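Reader: I am new to this structure and would like to learn how to read its features, one after another. Could we begin once it is in view?

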Amino acid sequence: MGKTKDKKNNNSINFEDSSLYINRELSWLSFNERVLSEAEDEKNPLFERLKFLAITASNLDEFFMVRVASLKDMINAGYKKLDIAGMTATEQLDAVLIAVHDFVDKQYEIYNKYLMPLLVDKGLRISDVSELTKKEGEYVDRYFDEFVFPVLTPMAVDSSRPFPLIRNKTLNIGALLKKKEGKDGVDFATVQVPDVLPRILEIPATDSDTGLRKIVLLEQIIERNLSKLFMNYDIITSAPYRAGRNADLSIDEDEAEDLLKEIEKQLKLRQWGQAIRLEVSEDMDKKLLKLISEDLGVEDNEIYRIDGPLDLTFLMKVYKLDDFEHLKEHSYKPPQPVVAFSGDKDIFEVIREGDVLMHHPYETFENVVKFVEKAAVDPDVLAIKQTLYRVSGNSPIIAALAKAADNGKQVTVLVELKARFDEENNIVWAKMLEKAGCHVIYGLVGLKTHCKITLVVRREEDGIKRYVHLATGNYNDSTAKQYTDVGLFTCAPAFGEDATAVFNMLSGYSEPLGWNKLSLAPLWLKDRILDLIKREEEHAKAGEPARIIAKMNSICHKEVIAELYRASSMGVKIDLIVRGICCLKAGIPGVSENITVRSIVGNFLEHSRIFYFENGTSPEFYASSADWMPRNLERRVEILFPVENEKLRNKLWHILDTELKDNEKAHIMNPDGRFVKEKISSDGFEESINSQKIFGEEAASAAKVMTTQNTRVFVPEKHV
């Protein structure tokens, strides 16, 4: 499947040279730029462009709350160690803030210059309140009086009332006030825009309407009626602002007597972390800005003067408006039934007949849910064990586990309480499962349990049989419709033994002497990956076929990157499909000239981790919960598992091969580390390839063939 290129002498390569690597934070910003390019792409339907723009805003919020916050913490702590690209924390922060300012300018250029005029052309205007007719203004004012005014809490600042704590990510309106009578001087007041009310309000159509639908933003409605909140004052100036804060939890697990209670306590503090970003309206009065920024303690380079509405995530609300389906993407197929599970066969019977590999979201996640639901009520099932990292808000898997415990089965669930921004949700589920009678483990001290594994122990005629599900993605029926992942069902004894060992290790102090099939982080997985890369080097030395194809979310582990550089210099052909962070540079002469890097950003979020090693003439395929990052390989419990069935290996090869041919949604890395979107040749001879559409169409075709051979009717899931 791959041929070895010319071998190079790698003795002269200094793998410690920081110029060979890209800074992690700047690489992440490059990923968000690729998402932003989808908002800019005229080939995408208008409402999809709005959605992509909203996603970039949401991504940026999390980036500041975690990554920028981490840089600030390092600077405050006097941390001097250089990163993989040879940058200090201060240098990283300076570079990041410059890049983010440029990025935000680009966001609002796309919003103002391209998307808003197109929206008007399609019959929708996001109106400024100053543009409303008298009748429309009266409607907005009545809405304020009836629904908004009772909810608001205006906060004045004076000698007896200090500057209030501004919660993380909340939208606020600041104002300078002057008393109508009495003392001279200017007072400051602020009011939070309530998130319990809709951010957008649609103006009812009038008789004189031209057919143009209008919506206005809640903060503008409040600002228009601000005088009603401060009856005895004149409003000198007012403007919206929004603060972003450090939201990374600081938990001393060794000192915490009760991890659940400690996380609950830390969650309450998340809203009040150090301010690290201030977004303000571009026309905010200088005196008002000075007052707010000084109280929040932000520097000038942490202030973002916005030419448009703050917090573009509101565009997701616009996306969900009725009657605009014609401006959305409908060419992607909804999740389809898995052919292996067609007919009336019991799910355990199907798995006994052979391993089953599912490719989500193209193939439905329903079978994973049914696997747990069936196990919960099957009288022959003795035990269910599962790891949960992120689950949906109304999870059918949680309900099934609770039912299993109620039915007297041994149910053990590891709920990772430290799953960032899902801590609160996971605490709720953990308490519910405990109440139902499940044995709940709250993760391991110092590690996050990120692996995705389910073990069902069943009594059968020939003895005890273990059924295992392993996956690259979470047990989340909601994101399973939006993220691309693969999952494997098997009852092979070697996998069952390993799965038992995994749960014994997680629940107690048992550490197996060896593994049959699985490789686990943080103890064994990194070495396994390095050994697999080195094996390809040996094949290249011997003049045998040597190739690596690795698909993942991110790669920034220096030791792994250096080994890939070494393999490339020895002639191993390496193709990386990396959605997000990539600290490796492709195409450097003598170092990485045999390495290509591509990133696919499309309708679905690329989330699967799939690995191919040519191994001379005996190729091997693996899937994993782990990216090639220090946190995954050294600070998390992760699993790498092989896929050995020939038919399933061909399925994985098809996924990798198709994504390497994608020329619609792929971005290719240049030697300078920058990504350029793949372009289809203008001569008309090159076929347009969108890998996500192809996978969806293939799943739909297979399902169609299945339904013609089956009387059972399948109703596809609603496409999200």
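Author: Let us begin with Leu315, which touches Leu50, Leu53, Ala54, Tyr111 and Ile126, leaving aside residues up to four places away in sequence; contact here means heavy atoms within 4.5 Å. This is a predicted model, in which local features need pLDDT of at least 70 and side-chain atom pairs count only at pLDDT 80 or more, while totals for chains, interfaces and linings use all residues. Residues are numbered from 1 along each chain as its sequence is written, and side-chain values use heavy atoms, with hydrogens and water left out.

Reader: Which residues have the most contacts inside the largest nonpolar core?

Author: In soluble globular proteins, nonpolar side chains tend to be buried together. A nonpolar core is a set of buried Ala, Val, Leu, Ile, Met, Phe, Trp, Tyr and Cys residues joined through side-chain atoms within 4.5 Å, where buried means under 20% relative accessible area, exposed over 50% and partly exposed in between, with a 1.4 Å probe and protein chains only. Here the largest core has 121 residues, and those with the most contacts inside it are Phe47, Ile126, Ile222, Leu315, Val318, Leu564 and Val597. Helix 2 gives the most to this core, with 13 residues, and a second, separate core of 46 residues includes Trp515 and Ile639.

Reader: Is Val196 buried or exposed?

Author: Val196 counts as exposed, at 63% relative accessibility. Val196 is found in the loop between strand 4 (187-192) and strand 5 (200-203), strands being DSSP runs of E with at least two residues, and helices runs of H or I with at least four, numbered from the N terminus.
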